[in-house]
Amino acid sequence: MSKTEKSRDLKSDSSQNEQIGRVTGIGGVFFKTKDKQRIKDWYQSHLGLNTDQYGTNFEWRQGSDASKKGFTQWSPFAESSEYFAPSEKDFMINYRVKNIENLVAQLAREKVTILDEIEVCEYGKFVHILDVDGNKIELWEPNDIEYDKIVEGRTL
């Protein structure tokens, strides 16, 4: 196969992924802790995280368009939280995705465990799945413009 044919195949695969839906980055890191305030205070004091009641947000610029903001949420949860269920792990990763409806349809065809219906809110669409190890994964198709309004409105 020539270099041109390989390039054409890669572009075709990329275009297909865009239509189906795909992960574009990390939307959040969530973990359980015995004392949410203590852990937020520790990260604020020692690593400079500007925490609020939810944790903190990391704001960044999107590589494909540097004029657009993107966000990654960092949040400790109470050790007793059931939000990660049915996973028995003490963490959950949120992945930013494109075309969540198409992605969920593809995952269903691939027999991936989908835990709930797609939830739509002002700052995006969410759904939860399980990976092969039983880790709960949150998929988020963000509306970064609306999410930015929420972040700007928080008292830090």
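Helix α3 is followed by Lys111, whose phi is positive, near 65 degrees; helices here are DSSP runs of H or I of at least four residues, and strands are runs of E of at least two, both numbered from the N terminus. The model is predicted, so that local features need pLDDT of at least 70 and side-chain atom pairs count only at pLDDT 80 or more, whereas totals for chains, interfaces and linings use all residues. Residues are numbered from 1 along each chain as its sequence is written, and side-chain values use heavy atoms, with hydrogens and water left out.

Within α3 (residues 100-109) lies Gln106, which is buried at a relative accessible area of 19%, where buried denotes under 20%, exposed over 50% and partly exposed in between, for a 1.4 Å probe and protein chains only. The buried residues of α3 are Ile100, Leu103, Val104, Gln106 and Leu107. Seen down the axis of α3, these buried residues fall within an arc of 160 degrees, and therefore line one face of the helix, the arc being that of the directions from the helix axis to the C-beta atoms.

The lining of the largest pocket draws at least two residues from each of β1 (22-33), β3 (65-78), β6 (124-130), β7 (136-142) and α4 (144-153), with β3 contributing the largest share, four residues. A pocket is an open set of points on a 1 Å grid over the protein atoms alone, where a 1.4 Å probe fits, with protein on both sides within 12 Å along at least five of seven lines, and its lining residues have an atom within 4 Å of a point.
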